[in-house]
Structures are given as C-alpha cells and as structure tokens.
Amino acid sequence: MPMSAHCQVTGRRPGFGKSVSHSHKRTNRRWDPNIQKKTYLLPSEGRRITLTVSAKGIKTIDRDGIEAVVAKIRARGEKV
C-alpha cells in the first residue's frame with residue numbers, strides 16, 4: 001500500500017500542475033512533498049508513535065517538541 005503524500009504535522013499535500021515540453025505540449029504532473037515515516041518516543045505515554053511527516057514537519061517537531069505537536073494533531077481530531 002503506497003503512503004499518502006500528506007503530512008500529519010503541517011498538512012502539506014501534493015501540488016498539481018502541468019509539465020510543459022519544448023514543443024509547448026502540456027501534460028499533467030504533481031509535485032509531492034518530501035514525506036517520510038518517522039517514529040517518535042512520547043514520554044508522557046511511555047510509548048512510540050509513528051507519524052507521516054514532511055521535511056518541514058520534522059523541523060517543526062524539532063523546534064516545538066513532540067508533545068506539543070501531538071497535542072495540536074489531537075486538537076484537530078486526528079488519531080495518533
């Protein structure tokens with residue numbers, strides 16, 4: 001099963017547009033965010049959680065801390 005190109009932290013999704021060839025023929029394409037599966041230790045619950053995050057999402061977790069980010073995800077109603 002392929003991983004969806006959606007970041008659980010920042011909400012980034014693929015961008016859509018057109019590729020334009022030398023002859024100016026246009027075909028559909030998509031720009032996928034840099035999505036990775038990362039496992040984090042949640043000290044308050046004493047367990048690990050796996051998040052699907054973009055590179056920017058990883059920086060956000062490093063800056064704000066995993067506890068604060070998980071609290072925001074749960075406030076949105078997403079299951080972690």
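The questions below set values against their cut-offs, and the model they concern is predicted.

Student: Why is H6 called buried?
Tutor: H6 has 18% relative accessibility. Buried means under 20%, so H6 counts as buried.

Student: Where does H6 lie, and which residues does H6 touch?
Tutor: H6 lies in the segment before β1 (15-20). Leaving out residues up to four places away in sequence, H6 touches G11, R12, R13, I35 and T52.

Student: Which residues meet between α1 and α2?
Tutor: From α1 there are T60, I61 and D64, and from α2 there are I66, A68, V69 and K72. By type, the residues of this contact are four nonpolar, one polar and two charged.

Student: How do you know that K72 and D64 form a salt bridge?
Tutor: The closest N and O atoms of K72 and D64 are 3.9 Å apart. The cut-off is within 4 Å, so the pair qualifies. D64 has 31% relative accessibility.

Student: What makes R47 and E45 a salt bridge, and how exposed are R47 and E45?
Tutor: The N to O distance between their side chains is 2.7 Å, and the limit is 4 Å, so R47 and E45 meet the definition. R47, at 34% relative accessibility, counts as partly exposed. E45, with a relative accessible area of 36%, is partly exposed as well.

Student: Which residues are linked with E45 and R47 in a network of salt bridges?
Tutor: R74 is linked with E45 and R47 in that network. The structure holds six salt bridges. One of them joins E78 and R76, at 3.1 Å from N to O.

Student: What makes a group of residues a nonpolar core?
Tutor: The members are buried residues of listed nonpolar types, joined through side-chain atoms within 4.5 Å. The largest such core here has 15 residues, and V9, Y40, I49, L51, V53, I61 and I66 touch the most other members. The largest share, four residues, comes from α2.

How values were computed
Residues numbered from 1 in each chain as written. Predicted model: local features only at pLDDT ≥ 70, side-chain atom pairs only at ≥ 80, totals over all residues. Heavy atoms only, no water. Buried < 20%, exposed > 50% of the residue type's maximum accessible area, 1.4 Å probe, protein only. Helix = DSSP H or I, 4+ residues; strand = E, 2+ residues; numbered from the N terminus. Contact = heavy atoms within 4.5 Å. Nonpolar A, V, L, I, M, F, W, Y, C, P; charged D, E, K, R; others polar.
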